[in-house]
Amino acid sequence: YVFTGGKDFLINILDKKKYTVIQAINFNESYPDLSLCAKIRSICLSEDGSKLLVGTFGSEIYELKTSNKQISASTKFEPTELMKGHYCPNAKWTNEVWGLDIFHDKQHYATCSDDGTLRVWSIEERKIVKHTSLNVDEKGNKLAPDEKTKDLQDQAKGRCIGISPDDSILIVGCKEGSIRILDAQTLKHKKVIRHRKEWISDIVFSPDGEKFAVGSHDNFVDIYITSTYQKKATCRGHSSYITHLDWTEDSSSLHSTCGAYELLYWDGTTGKQITSGASAFRDEKWATWTCTLGWPVQGIWPMNADGTDINSVDRSHSQIDKGYQLLALGDDFGKVRVFRYPCLKKGAESIEGVGHSSHVTNVKFSFDDKMIFSAGGEDNCVFQWKVV
């Protein structure tokens, strides 16, 4: 047999002598709702002729199995999904993975990207267990392509994720300034809100789950009430785009960093800036530490680094022996590094993980601190690292 496949979603099975088509399988029609983008990119037949491996443009690999010894026009193939991942549907603009957050059940984590999808992964099985399209409006209608580029619209491109402490709500921040509120278990859209015009860069729930903060490239941090999704306050004061946010353990205050390398402090109820924050919060306990600036992370910056070389950090949840914690870091050079926390000494040593072929956009510890997860920008990969 000779097998061909292409952008038309067709797998053509030809007689190797006459080159006549024995069977044509339309992947989209034969297996509806199976593939996110079923343009055929690769086909491989097993030695016994009973299985076909099919690779799609949607970063998927399927196994098509038949019990027939000879392939004919009536041969039926049963599909099995072997692998899925983020992919690159945009021809004119970037295809990057930025969004990453961890479920509190210690079993799952979620990612989103410019491919217009939200995906939930199993930590134990190391595979996608459910996914949904972000390329829809609030009512579930598919969005039209961008008029100029014909790519996905920016409102479909997910750039950050926030998951509520009880794992009931998942919020995706999108590239055009909207936030999409979904049921974290069913991945059904509940509400779409847009108060900003530029990229949403970070979403963090308060530890008590009653509020969530949204940072944007409009230079603002907006605070919302979780129960009503109503905006309660806006933090104004940054002179550049927001990069990272953290709440205090008591959910009363938060701090944020921006593209101008400012670390500012805010009242979590009124949104007013606390100008004495550096001294007032000197001994404060923070629920998380994801800001790349601040006293406990001053040693992570290498010599001659500019402020954009480090994209993300995340502090472990528990202490290691001798009383210190760990800090994971993702940088522009495709590396994941792990430091002791707090990291105070300039040029501090770290453990280095290599594998990403693009800038590492995000890193997160699992809630039991047994794993570190990292997202690669344009390599569209999600890595799972074991902490030993």
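The model is predicted.

**Overall form**

- The C-alpha trace spans about 80 × 45 × 35 Å along the principal axes of the protein.
- Of the 388 residues, 52% count as buried.
- Lys69 and Trp266 are 197 residues apart along the chain, and their C-alpha atoms are separated by 69 Å.
- Lys69 belongs to the loop between β6 (60-65) and β7 (78-83).
- Lys69 has a relative accessible area of 80% and is therefore exposed, the cut-off for that class being over 50%.

**The cavity**

- The count of cavities of 30 Å³ or more comes to one.
- The largest cavity holds about 30 Å³ of space.
- Its lining consists of Gly177, Ile179, Ile193, Arg194, His195, Arg196, Ile200, Val214, Asp222 and Tyr224.
- Two strands, β15 (189-194) and β18 (221-225), each supply at least two residues of this lining.
- By class, the lining of the largest cavity has five nonpolar, two polar and three charged residues.

**The second largest pocket**

- About 710 Å³ of space lies in the second largest pocket.
- The lining of this pocket is made up of 26 residues, and those nearest its centre are Leu36, Cys37, Tyr87, Asn135 and Lys142.
- The lining of the second largest pocket divides into 14 nonpolar, six polar and six charged residues.

**Aromatic pairs**

- The structure holds 14 aromatic pairs.
- One of them joins Phe27 and Tyr31: the ring centres are 5.1 Å apart and the planes stand at 65 degrees, so the pair is edge-to-face, a class that requires an angle over 60 degrees.
- Phe27 and Tyr31 are both buried.
- Phe383 and Trp385 form a tilted pair, because their planes stand at 45 degrees, with the ring centres 5.7 Å apart; this angle falls between the limits of 30 degrees for stacked and 60 degrees for edge-to-face.
- Phe383 counts as partly exposed because its relative accessibility is 21%, and Trp385 is partly exposed with a relative accessible area of 22%.
- Tyr265, Phe281, Trp286 and Trp289 are linked into a cluster by ring pairs.

**Charges over rings**

- The charged end of Lys39 sits over the ring of Phe57, at 5.5 Å from the ring centre.
- The ring of Phe220 has the charged end of Arg236 over it, 5.0 Å from the ring centre.

**Backbone sites**

- Most residues other than glycine have a negative phi, and most peptide bonds are trans. The sites below depart from one or the other pattern.
- The peptide bond from Tyr341 to Pro342 is cis, and its omega is near 0 degrees.
- Pro342 is located in the loop between β25 (335-341) and β26 (351-354).
- Asp33, which is not a glycine, has a positive phi of about 65 degrees.
- The loop that holds Asp33 runs between α1 (27-30) and β4 (40-45).
- Asp33 counts as exposed because its relative accessibility is 80%.
- Leu187 is likewise not a glycine and has a positive phi of about 60 degrees.
- Leu187 lies in the loop between β14 (178-183) and β15.
- Leu187 counts as buried because its relative accessibility is 4%, whereas Asp33 is exposed.

Methods: Residues numbered from 1 in each chain as written. Predicted model: local features only at pLDDT ≥ 70, side-chain atom pairs only at ≥ 80, totals over all residues. Heavy atoms only, no water. 1 Å grid on protein atoms, 1.4 Å probe; cavity = no way out; pocket = protein on both sides within 12 Å on 5 of 7 lines; lining within 4 Å. Points joined across faces, edges and corners; volume = space filled by probe spheres on them. Helix = DSSP H or I, 4+ residues; strand = E, 2+ residues; numbered from the N terminus. Nonpolar A, V, L, I, M, F, W, Y, C, P; charged D, E, K, R; others polar. Phe/Tyr/Trp six-rings, centres within 6.5 Å; stacked < 30°, edge-to-face > 60°. Buried < 20%, exposed > 50% of the residue type's maximum accessible area, 1.4 Å probe, protein only. Lys NZ or Arg CZ within 6 Å of the ring centre and 35° of its normal.
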